[in-house]
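Look at the structure first.

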Amino acid sequence: MLKVEDINLTDWGFWRRPHDYRHEAFKALRWHSDLIRFEEPEVVIVEQGPGYYALTRHADVVEASRRPQDFCSGRGTISIPDMPGDLHEYFGSMINMDDPRHAKIRRIVSRAFSPRMIQRFEDKVESVAAELVENIAAGNGTGDFVQDVAARLPLKIICDMMGIGEEKYGTVLDATNVILAGNDAEFLPTGSAEEMAMALLGAGESLKGLVEELGRRRRAEPTDDLTSALVNANIDGESLTDQELGSFFILLVVAGNETTRNAIAHGLDLFTRHPDQRALLTEDFEARMPGAVEEIIRYVSPVIWMRRTATRDTTLNEHEIKEGDKLVLYYWSANRDESVFADPEKFDILRDPNPHVGFGGPGPHFCLGAHLARREITVMFRELLRRVPDIRAGEPERLESNFINGIKRLPYTF
């Protein structure tokens with residue numbers, strides 16, 4: 001086991017190490033009796049903060065999640081450095097809010113997701129997945145799975161849901177790649193921190209401007225899309241402002257597109273590396289796919305962490321916490337906690353129970369789109385195994401990020 005004093009979660013070098021090394025490091029942190037405090041990354045555009053505690057155990061992540069009154073999201077946002085004002089405005093959606101404002105927006109958004117609308121887009125998932133798989137089946141038996149399949153399904157579903165035309169798909173995809181680029185030079189400029197901040201602001205502005213213009217049109221001439229439902233929703237006199245609509249859309253396309261696409265890409269990679277699990281799934285797809293979805297999410301943890309901030313002096317499972325302390329909830333580690341998951345390094349689609357925190361822990365910030373994500377993953381693998389049952393993945397090209405467990409490219413053959 002690695003020594004705790006040799007582990008630095010802030011160092012980008014750590015996140016360039018192989019996954020096996022990182023899992024061993026988090027195991028060492030879980031077994032350590034105390035919470036470990038790490039220095040914050042140096043970011044030129046903001047003053048370096050006081051540091052953060054890494055929550056690596058399942059029990060700690062769950063406890064912090066279920067106590068939003070003690071561990072909030074709205075004080076400095078969910079990034080490790082406190083986000084400066086301009087970035088906070090662009091990316092300050094529900095995920096960075098606390099009640100009562102969080103509850104207000106969640107009420108409006110939940111009302112907009114009516115059962116009729118949810119059913120319509122669940123049906124849409126079926127047709128889009130079938131079309132995408134048919135396209136690759138008609139090809140030459142090789143390609144990039146991320147570009148041809150995994151990125152296309154959630155992107156098209158979200159854009160169609162909002163009423164955004166196909167001509168804007170590239171704009172949306174490019175902006176989300178920038179926002180979740182991490183430290184990957186393919187998507188962010190390699191110059192100064194100011195240039196990186198401007199790239200993030202530009203990506204946020206393009207998404208915000210796109211949906212705000214659409215929202216103005218839908219207020220004047222509503223249709224049956226989600227944008228119309230959002231901008232015209234009024235609950236007890238409350239409605240979304242343009243800023244809230246723009247920030248919600250950024251959250252929707254970033255969270256709904258990137259995380260689902262990575263779960264689908266990782267899924268093909270896992271079923272290629274674990275043919276025994278693939279065989280189990282194909283023996284009884286409908287009975288076993290729900291468990292397979294949960295195991296994919298647990299095993300890969302598409303979102304690696306989120307931050308919370310202590311609102312008062314308190315304790316967390318006997319650990320002393322001071323007001324203002326930053327806590328980083330490492331879902332990636334909690335989902336491999338040996339005290340909760342038997343043989344956690346094993347990919348096992350029959351795992352039961354599977355109380356992973358891949359969609360966030362319990363509490364008000366549990367992923368609003370978890371149901372749709374599960375649906376998209378299920379439908380896509382049903383189509384793949386029906387239409388191209390021998391599809392296999394090659395070696396993935398991974399995103400350099402400490403926040404998203406991303407796959408940029410994944411060659412496939414069948």
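Q: In this predicted model, which residue of β8 is the bridge partner of Trp305?
A: Strand β5 spans residues 305-310 and pairs with β8 in the antiparallel sense, over 5 bridges. Met306 stands opposite Leu329 in β8. The bridge partner of Trp305 in β8 is Tyr330.

Q: Which residue in β8 does Tyr52 stand opposite?
A: Strand β2 covers residues 52-55. β2 and β8 run parallel and are joined by 4 bridges. Tyr52 stands opposite Lys326.

Q: In what order do the 5 strands of the open sheet with mixed pairing lie?
A: β8 pairs with β2 in parallel and with β5 in the antiparallel sense. The edge strands are β1 (36-38) and β3 (71-72), each pairing on one side only. The order is β1-β2-β8-β5-β3.

Q: How many of the 5 residues of β8 are buried?
A: In a regular strand the side chains alternate between the two faces of the sheet. On one side of β8 lie Lys326, Val328 and Tyr330, and on the other Leu327 and Leu329; both faces are covered. β8 is largely enclosed by the rest of the structure, because the number of its residues that are buried is 5 of the 5.

Q: At about what angle to β8 does helix α3 run?
A: Helix α3 is made of residues 58-65. This helix lies across β2, β3 and β8. Its angle to β8 is about 120°.

Q: How many of the 11 residues of helix α8 are buried?
A: Helix α8 spans residues 152-162 and is mostly covered. Among its buried residues are Leu153, Ile157 and Met161, and Cys159 and Asp160 are buried too. Gly163 follows α8, with a positive phi near 90°. The buried count for α8 is 9.

Q: Is α8 parallel or oblique to α16?
A: Two packed helices are described by the angle between their axes and the distance between the axes. The axes of α8 and α16 are 11 Å apart, and the packing angle is about 130°. Angles over 145 degrees would count as roughly antiparallel. That angle therefore makes α8, relative to α16, oblique.

Q: Which residues of α16 make the contact with α8?
A: The crossing of α8 and α16 is right-handed. From α8, the contact uses Leu153, Pro154, Ile157 and Met161. By class, this contact has 6 nonpolar, no polar and 1 charged residues. The α16 residues are Leu372, Glu376 and Met380.

Q: At roughly what angle do the axes of α14 and α16 cross?
A: Helix α14 runs over residues 285-300 and helix α16 over residues 370-387. Their axes come within 10 Å. The crossing angle is roughly 125°.

Q: How many charged residues does the contact of α14 with α16 have?
A: The crossing of α14 and α16 is right-handed. Residues of α14 that meet α16 include Phe285, Glu286, Met289 and Glu294; the α16 side includes Arg374, Phe381 and Arg382. By class, the contact has 7 nonpolar residues and 1 polar residue, and its charged count is 4.

Q: In the open sheet of 3 strands, which strands stand at the edges?
A: The strand order is β4-β12-β9, with antiparallel pairing. β9 and β12 pair over 2 bridges, and Arg392 has Thr413 as its bridge partner in β12. Each edge strand has a single partner strand, so one side of each is left without a neighbour in the sheet. The edge strands are β4 (142-144) and β9 (392-393).

How values were computed:
Residues numbered from 1 in each chain as written. Predicted model: local features only at pLDDT ≥ 70, side-chain atom pairs only at ≥ 80, totals over all residues. Heavy atoms only, no water. Axes fitted to C-alpha atoms, helices over the stretch in contact; angles between N-to-C directions. Left-handed = near helix turned anticlockwise from the far one by under 90°. Contact = heavy atoms within 4.5 Å. Nonpolar A, V, L, I, M, F, W, Y, C, P; charged D, E, K, R; others polar. Buried < 20%, exposed > 50% of the residue type's maximum accessible area, 1.4 Å probe, protein only. Pairing = 2+ DSSP bridges. Parallel < 35°, antiparallel > 145°, perpendicular 65-115°, else oblique.
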